[in-house]
Amino acid sequence: MKMQKTLTVAALLLGTAMSPALAQEKIKLGVIVTLSGPAAALGQQVRDGFALAVKDLGSKMGGREVEVVVVDDELKPDAAVTKVKGLLEREKVDFVVGPIFSNILQAIHRPVTESKVFLISPNAGPSTFAGKDCNPFFYVTSYQNDQVHEILGKVAQDRGYKRMYLMVPNYQAGKDSVAGFKLDYKGEIVEESYMPLNTLDFQPELSKISSQKPDALFTFMPGGLGVNLVKQYRQAGLADSIPVLSAFTVDESTLPAQQDAAVGMFGGANWAPNLDNPQNKKFVAAYEAAYNIVPGTYAFQAYDAAMLIDSAIKGVKGDLSNKDAVGAALKKADFTSLRGAFKFNTNGYPIQNFYLTKVAKRPDGKFQTEIVQKVFENYGDRYAKDCKAAN
């Protein structure tokens, strides 16, 4: 009996001694974004924004050391699945952060969530996972894809544009963008053009725009697509006569290449570098100091993704073993977002403000988007009502 008591006490002491050791195990975070090809600038902003947040946290989350593993999805769904399986099976990451593009998200969503690993999207927010197919292991720190485009549809309607030309890439996010634009816009759509993701020459479309003379162009052309379109649009002499209402076409990831060609073009966003709050001013200054470039939405949303994960790990006191508890901590979103007002809807997508922005050239010669007006306040997406997932 005395021996049994001795063993019990020893076991308790051993357990107590092991807890700090367990707490010192590194948390592994996998970041999967596009880092090659024309869209690489977008992935670089996510990678760098996330890295800045981890640095600001002292490379610790919830008191535990953090290791970040970054992989390039190559903007290829098959490659992305292979890469994300490597993060899950070989690296055994605790969270996956990414990707940029919705077609890549659709490819990796199932492998990640079925592994009961939390997938945090710092950009892609397709409609497919916002409604009935929502998932308790999936959270978005950006928006539901339709919403940013809804901004431009409402602005076009409010400004009395009666005839619109729509031009988007031919993939899920492009289709979502058109659906979003049409929610508030009730005028005539003279053309609805879906372009291949590898389009370099927009001249045939620009000729059609010139001949049809719409009141404005609505376009969603991310990354290299946007760089080429904006330059060619300005060169064709259309920029001064047919306004551009765009999403992710003229932003901080493309402006270093577009420069003066983009000045005056409008965009829709959930944030801009000149958003006036203390945490955002600090972030923008730190990002520019670290990377010598103006941060865009990709960078800020990635920064918020890191802070979200940190808040969840703190919420469970560093213990990630109870997935339900981690999910509940994520859903609380107990952190200060760079955008200000932010909370999660029932589907894991944000409720937030949205703005019309305009490209400007700063006194220091750099280019950035700046807020023109608030278009939607505390706005949640229309698919959340169909989400039955319980976190």
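**Entry 1: L75**

I looked up L75 and found it in the loop between β3 (64-72) and α3 (77-90). The model is predicted, and I read each value below as computed from it. L75 is not a glycine, yet I noted a positive phi of about 55 degrees for it. Buried would require under 20%.

**Entry 2: F248**

I went on to F248, which also has a positive phi, of about 60 degrees, and is not a glycine. F248 lies in the loop between β10 (244-247) and α9 (255-258). Its relative accessibility is 9%, so I put it down as buried. I had a reason to record such cases: most residues other than glycine have a negative phi, and most peptide bonds are trans.

**Entry 3: P99**

Next I looked at the peptide bond from G98 to P99, which is cis, with omega near -5 degrees. I placed P99 in the loop between β4 (95-97) and α4.

**Entry 4: the two domains**

I looked up how the chain is divided. Domain 1 covers 27-143 + 276-348, and domain 2 covers 146-269 + 357-378. Taken over C-alpha atoms, the centres of the two domains are 27 Å apart.

I then turned to the interface. On the domain 1 side 20 residues are in contact with 21 residues of domain 2. Domain 1 and domain 2 bury about 1600 Å² between them, and 61% of that is on carbon and sulfur atoms. In domain 1, the residues that lose the most area to domain 2 are Y143, V294 and Y298, together 28% of what that side buries.

I also searched for pairs across the interface. The rule finds two salt bridges there, and four residue pairs in polar contact. Which elements of domain 1 each supply at least two residues of the side that touches domain 2? I listed α2 (40-56), α4 (102-114) and α11 (297-315). By class, I noted eleven nonpolar, eight polar and one charged residues on that side of domain 1.

I recorded a salt bridge between the side chains of R362 and E288, at 2.9 Å from N to O.

**Entry 5: R339**

I found R339 in the loop between α12 (323-332) and β12 (343-344). Its relative accessible area is 5%, so R339 is buried. What does the side chain of R339 reach at 2.7 Å? I found the backbone oxygen of T141. The side chain of R339 also makes a polar contact with the side chain of D304, at 2.9 Å. Leaving aside neighbours within four places in sequence, I listed contacts of R339 including S142, N270, W271, L275, N277, F300, P350 and Q352.

**Entry 6: R163**

I ended with R163, in strand β7 (residues 163-169). R163 counts as partly exposed, at 27% relative accessibility. Its side chain reaches the backbone oxygen of K213 at 2.9 Å. Beyond neighbours within four places in sequence, R163 is in contact with Y185, E188, V190, Q212, K213, P214, D215 and A216. I also checked R163 against K186: the two are 23 residues apart in sequence and 9.7 Å apart in space, C-alpha to C-alpha.

Methods: Residues are numbered from 1 along each chain as its sequence is written. This is a predicted model: local features need pLDDT of at least 70, side-chain atom pairs count only at pLDDT 80 or more; totals for chains, interfaces and linings use all residues. Side-chain values use heavy atoms; hydrogens and water are left out. Domain bounds come from an automatic or database domain assignment. Contact means heavy atoms within 4.5 Å. Buried area is the accessible area (1.4 Å probe) that two parts lose on being put together, summed over both. A salt bridge is a side-chain nitrogen of Lys or Arg within 4 Å of a carboxyl oxygen of Asp or Glu. A polar contact is a pair of N or O atoms within 3.5 Å; within protein, one must be able to donate a hydrogen and the other to accept it, and residues adjacent in sequence count only if both atoms are side-chain atoms. Helices (H or I, at least four residues) and strands (E, at least two) are DSSP runs, numbered from the N terminus. Ala, Val, Leu, Ile, Met, Phe, Trp, Tyr, Cys and Pro count as nonpolar, Asp, Glu, Lys and Arg as charged, and the others, Gly among them, as polar. Buried means under 20% relative accessible area, exposed over 50%, partly exposed in between (1.4 Å probe, protein chains only).
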